[in-house]
Amino acid sequence: MVGGVAVGGGAPCAVQSMLNRPPADVSANLAQIEQLAEAGCEIVRMAIPHRKDLDAFEQVCQASPLPVVADIHFDSEIAIGAAKRGAAKLRINPGNVGGLEKTDAIIEAAQAAGIPIRIGVNAGSLDTALATRNDICLAQKLALSAAQYLRYFEERGFYDVVVSAKAHDVPTTVATYRQLAHDLPQVPLHIGVTEAGTLFQGIIKSASGLGILLAEGIGDTLRISLTDDPVQEVRAAWTLLLALGLRRRSPEIISCPTCGRCQVDLISIAKQLEERLRDVKAPLKVAVMGCVVNGPGEAADADIGIACGAGSGALFSQGRILRKVEQSAILDALLEEIGKL
Ligand code: SF4
């Protein structure tokens, strides 16, 4: 459990993101948590770069509606402090907290606080003996490193663990997590393509890599890492889960790509509809179709749909035609019918 959110054990794949406000700015971090929660974020992570940031971290934890994960590198004392001050989980890389004896102290602090630890290994911080092996590939090295750390934790009686082993390229990410799922079937996995890039590239890289894994049943919690507003990470994560049929939270728009048969400004209608449905939390299907080729079928299949013709469209609800609507009134008519469901 990360706060009240179950991770692993058959629970739905939980959506995470990470705050990017200055750690000392409590109100800015809480405002961002509100935005993320509204978008559907279920677990939020906060970087704690310095010991002096622990006071702010504690205040954020106390006021946050979401469980807050403490993200710590290099300084084990920060991890110990975060465990005492309300962290719902610790995220550490045992390879960079100053040796395994420092890791022991973090494990004890997490045990005392009753919180889990994410063991996050990265290609950049593999130990030298492993990094210099040339008989295995990077994916195997990452998986082996995670397995070694996991064994270390389990030998100390600590089993409340999530594992991640991220790479910035998709094939390595997929191979690593397949290896982890095979080698460590008892452990929940946090999946992600790290440093995936800006919005467009980042979503495609993440969706291609995480899509493969999720379709294979791998991944208990995910973060889509984007060089953008974290709210976009959460929207992308939900859209990916929706696309795979794993979880639904908001409406799905089935809209055609348009072609020479389309006689309304369908692209504009679909984009406006998407924006207007942003805050709707019902798992509806709404079809926005450009002509009679596929329009009536898709519109009738959806909860609400429009099948357009020359400057107008036939409005459908629950499979029945309701009426003809002029192009300028299509958006409002769709929203009105959605509001009735
Ligand atoms: S539904 Fe009609 S307008 Fe839309 S892409 Fe298909 S054929 Fe073209």
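Tutor: Two strands are said to pair if DSSP finds at least two bridges between them; helices (H or I, at least four residues) and strands (E, at least two) are DSSP runs, numbered from the N terminus. The model is predicted, so that local features require pLDDT of at least 70 and side-chain atom pairs count only at pLDDT 80 or more, whereas totals for chains, interfaces and linings use all residues. Residues are numbered from 1 along each chain as its sequence is written, and side-chain values use heavy atoms, with hydrogens and water left out.

In helix α12 (residues 330–340), the buried residues are I330, L331, A333, L334, L335, E337 and I338. Buried denotes under 20% relative accessible area, exposed over 50%, and partly exposed the range in between, with a 1.4 Å probe and protein chains only. Among the elements covering those buried residues are α10 (266–276), β10 (285–289), β11 (304–308), β12 (312–317) and β13 (320–326).

M289 also belongs to the surroundings of the ligand, together with C256, P257, T258, C259, R261, C262, G290, C291, V293 and N294; a residue is near a molecule if one of its heavy atoms lies within 4 Å of it. By class, this shell comprises 7 nonpolar, 3 polar and 1 charged residues. Ala, Val, Leu, Ile, Met, Phe, Trp, Tyr, Cys and Pro count as nonpolar, Asp, Glu, Lys and Arg as charged, and the others, Gly among them, as polar.

The loop between β12 and β13 contains Q318, a residue other than glycine whose phi is positive, near 50°. Most residues other than glycine have a negative phi.

The packing may be set beside that of the other sheet, which is open, has 8 strands in the order β6-β5-β4-β3-β2-β1-β8-β7, and is parallel in its pairing. Its edge strands, β6 (161–166) and β7 (190–191), each pair on one side only. There, I191 has L222 in β8 as its bridge partner. L222 and L90 touch the most other members of the largest nonpolar core, which holds 76 residues. Such a core is a set of buried Ala, Val, Leu, Ile, Met, Phe, Trp, Tyr and Cys residues joined through side-chain atoms within 4.5 Å. Helix α6 (residues 138–155) gives the most to this core, with 8 residues. A second, separate core of 25 residues includes M289, along with V288, I269 and A270.

Definitions and conventions: Contact means heavy atoms within 4.5 Å.
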